[in-house]
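Hello,

Here is the structure I promised to pass on. Have a look at it first, and my notes follow below.

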Amino acid sequence: MSPGVFEDSRNLREELGGLLAEMPLFSGLDPAVLGEIAAAAEWLSLPGGAVLFSAGEPADALYIVLSGSLAVLTAGGRVQGRFLARLAAGDTVGEMGLISGHPRTANVVALRNTELARISSRAFNEVLRREPEAMWRIAQLMVKRLERMDSPPRAHVRGACTFTVLPQSLEVDFAGFSTSLVKALGQFGRTELVWNVRGGNHTSQWFNNIESVNDFVVYVAEPTPNRWTKLCERQADALLLLARAESPAGSWAALRWPHDHSLTPQRWELVLAHDSGIETGAAARWLANLPDIPHHHVQSPADYARLARMLTGRAVGLVLSGGGARGFAHIGAVKALQEAGIPIDLLGGTSMGAILGAGIAARWSVQELTERFRHYFVECRPLRDYTLPFVSLVSGRKVSRMLFEAFAELAIEDLPLEFFCVSSNLTAGHVHVHRRGELWRALRASVSVPGVLPPVFHDGDVLVDGGAMNNLPVDIMLELGRGPVIGCDAGTDRAFATHGDDIDVPLPWQLMRWIKTRRQLPNIFQILWRTGMVNSSALSAAQRDRTDLLLRPPLAEIDMLNWKAFESAIQAGYDYTARRIDDLPSDSPLWRSAGMIGG
């Protein structure tokens, strides 16, 4: 699709001249030169979904985004490439190709209706000839971009500014939903709600003006594919597919690409509005036709605030490590975070951290978490059902019953908060991420310490404790691109030590001396538990560096299998987290997510 060309306009030329003067690439240049550049620019309108240029094409111009937004994607098809960056008003794209003389190296696609100024290579080269200082500024920009590429990898936060609510049918209360969403977004910036009655007969310039004076705009489309709905779809950074959860699953007749969301550069997000509590199986029913898009449950006012954070890149992800009994410190950490007003919007975890994370995602209170975990682990002692050690020391039946009792037939996708856990796939040799399916079974796999608990067999694969490969899955949380990440690592302190020098099991006449000193020696449970975590230690160290807040409660005095240290582990997690929160800088993104600082 070829971009359309705007009619020349003195006002637009003046606006472009002012914009150029504020950009690092052109700032400081003679106003007369800036005026010549603006006069030589072509004015382009790119509809949402259209390609600006593709990898391999000759670099014949640079572009300045005047309104709307573009996506930069790796070479790999029209929009199927990996997302690299989002460009908004005031950003430039394409200048590096003009300098190098090489063909384009990435695909650039309009995320929504976008207006641009095109400066040809001829006009650009004339600027460089007359203003050598511009070349120096370009060199500085290139160095900064290379430095960002060499910095530790961190997933792009996929925040959006314009949203279109697309109801599946008239059965869903899209008016009430849209009003509540606007109120929640208003906590983070100026927000405006636009209906058909307001915007149906206006020009694209009117929409650009609305968006330029607001931080967020919510467009309310209609279930039918009329002109207004199509305009809303093109204008949005993200499409919110709204459905009544209790209704039979259906399609969205108004979608431009009803069967393949990979054909559109805009994000799709499924929003399930519940009449009361979350209906078991509703998410799976609706996701059957939309299997690869994120989904959200909305049933209370708190869910709108969480949804606003998720959509704008302010959601707080909490990642909890494994660590046996030391994992109880996570309960104390959560208590301290909640008291500080820091929200928890997404959960991910490994082993004990996975079980605790699932409880938080199910919206168990701190008191309920404490009572349940005291009952399940301290009173019931689930690792005491020993068996003949053909596969493991423990049969695993008590653990399975405990998990099933706690989470019944709940599916991961039914949890009120987004959740994942990880296990280690011994068959394929990689981390297995559980995002869908039976929750208790996924947790059973994540906690299956090799040699202690039997593995879980899934589709021919052998799954064991996630700590064997990734004990702190911060990277998986970052891939979601929802916002800042907190990592709570309960598995870093030294696990055990001994002062003995024995190599073999003692002979009978040495047995009494060995029994007397055995408390100083690690037992088979401790050895197997620790062995299952050692391989991921180096990865965990790298993961810790990628968090916005790293919590490492002092737990060296607590044995990983000392379930009776329940209260002391919780207290250690609480005290440590409270101190770390007090030390958070005032500009921390966590305070931004909590709505305590602007932006």
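**What I found**

The average pLDDT (the predictor's confidence in each residue, from 0 to 100) is 82 for the chain, and 77% of the residues score at least 70. Residues 1–9 fall below 50, and this stretch has 17 contacts (heavy atoms within 4.5 Å) in the model beyond near neighbours in sequence. Where pLDDT is low, the predicted coordinates should not be read in detail.

This is a predicted model, with local features needing pLDDT of at least 70 and side-chain atom pairs counting only at 80 or more, while totals for chains, interfaces and linings use all residues. Residues are numbered from 1 along each chain as its sequence is written, and side-chain values use heavy atoms, leaving out hydrogens and water.

Now to the sheet. Pairing requires at least two DSSP bridges between two strands. S11 is joined to S12 (residues 216–220) by four bridges.

On to a helix pair (helices are DSSP H or I runs of at least four residues). H14 (residues 366–379) packs with H15 (residues 397–407) at about 160°, the axes being 11 Å apart; angles run from 0 to 180 degrees between N-to-C directions, and axes are lines fitted to C-alpha atoms over the stretch in contact. The two helices are therefore roughly antiparallel (over 145 degrees).

Best wishes

Definitions and conventions. Parallel < 35°, antiparallel > 145°, perpendicular 65-115°, else oblique.
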